[in-house]
Amino acid sequence: MRDAGLTPTVFVAPIPPELTDSTEQIDELIGTLADAGAGNILPTPLYLMRSVKDLFFAWLRRQHPELLSTYAEFYAHGSRTPRHYRDLVWALVDQALQRHGLPIPDDTTSDNFALLGRRFSVIEPTAPTLF
């Protein structure tokens, strides 16, 4: 994609706590993405919607019972990890981005995932439609 003149943004998600969030794992992932031509990285810790939370916890109970208390604490009040954990993940990602020469995400990076880069604008049809 870089050879074609595009600057790909890679949505790195999910990043599950204590499973893929070590300094080494994040650095290796960011390095691999940089080598593959990523232009921007947008990291997101694991988001557990209500509809999948029970399934995920059942899997966790079978595969990583030692992490149950950590996850129970992190997701006790909703679908997102606590702010302190999200800040930690962003700091680790930022360090890896700097090491691999990629830009630190800013407020506009997430707009790369919006329809035509216009998250907050209304797209009007150019021709009359039935809908």
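1. Let's start with threonine 81, which sits in the loop between H3 and H4. This residue counts as buried, because its relative accessibility is 2%, under the 20% cut-off. Leaving out residues up to four places away in sequence, threonine 81 touches Pro17, Pro45, Leu46, Phe74, Tyr75 and Arg86. Please keep in mind as you read on that this is a predicted model.

2. Now step back to the whole chain. There are four helices and two strands in its secondary structure, and along the sequence they follow the pattern β-α-β-α-α-α. The chain has 131 residues, and 34% of them count as buried. Among contacts with a separation of 6 or more, 71% are between residues 24 or more positions apart.

3. The largest nonpolar core has 25 residues, and Ile30, Ile41, Phe56 and Tyr71 touch the most other members. Two or more residues of this core come from each of strand E1 (9–15), helix H1 (23–35), H2, H3 and helix H4 (83–99). H4 gives the most, with six residues.

4. Which residues does it meet beyond its neighbours within four places in sequence? Tyrosine 71 is in contact with Pro16, Pro17, Leu19, Leu46, Phe56, Phe57 and Leu60.

5. The structure holds five aromatic pairs. One of them joins tyrosine 71 and tyrosine 75, which are stacked, with 5.8 Å from centre to centre and 20° between the planes. Tyrosine 75 is buried as well, because its relative accessibility is 2%. A second example is phenylalanine 74 with tyrosine 85: the ring centres are 5.1 Å apart and the planes are at 50°, so this pair is tilted. Since phenylalanine 74 belongs to helix H3 and tyrosine 85 to helix H4, the pair ties together parts that are 11 residues apart in sequence.

6. Elsewhere, ring pairs link Phe56, Phe57, Trp59, Tyr71 and Tyr75 into a cluster.

7. Leucine 68 gives another view of helix H3, which spans residues 68–74. Leucine 68 touches Phe57, Leu60 and Arg61, once residues up to four places away in sequence are set aside. How far is leucine 68 from phenylalanine 57? The two are 11 residues apart in sequence, and their C-alpha atoms are 7.5 Å apart in space.

8. Finally, a word about the surface. Tyr47, Met49 and Val52 make a nonpolar surface patch of about 280 Å². Tyrosine 47 is in the loop between strand E2 (40–45) and helix H2 (50–63).

Technical notes: Residues numbered from 1 in each chain as written. Predicted model: local features only at pLDDT ≥ 70, side-chain atom pairs only at ≥ 80, totals over all residues. Heavy atoms only, no water. Patch = residues over 30% accessible without salt bridge, like charges linked within 9 Å, V, L, I, M, F, W, Y side chains within 5 Å. Areas by Shrake-Rupley, 256 points an atom, 1.4 Å probe, with all protein chains shown as cover. Salt bridge = Lys/Arg side-chain N within 4 Å of Asp/Glu carboxyl O. Buried < 20%, exposed > 50% of the residue type's maximum accessible area, 1.4 Å probe, protein only. Contact = heavy atoms within 4.5 Å. Core = buried A, V, L, I, M, F, W, Y, C linked by side-chain atoms within 4.5 Å. Phe/Tyr/Trp six-rings, centres within 6.5 Å; stacked < 30°, edge-to-face > 60°.
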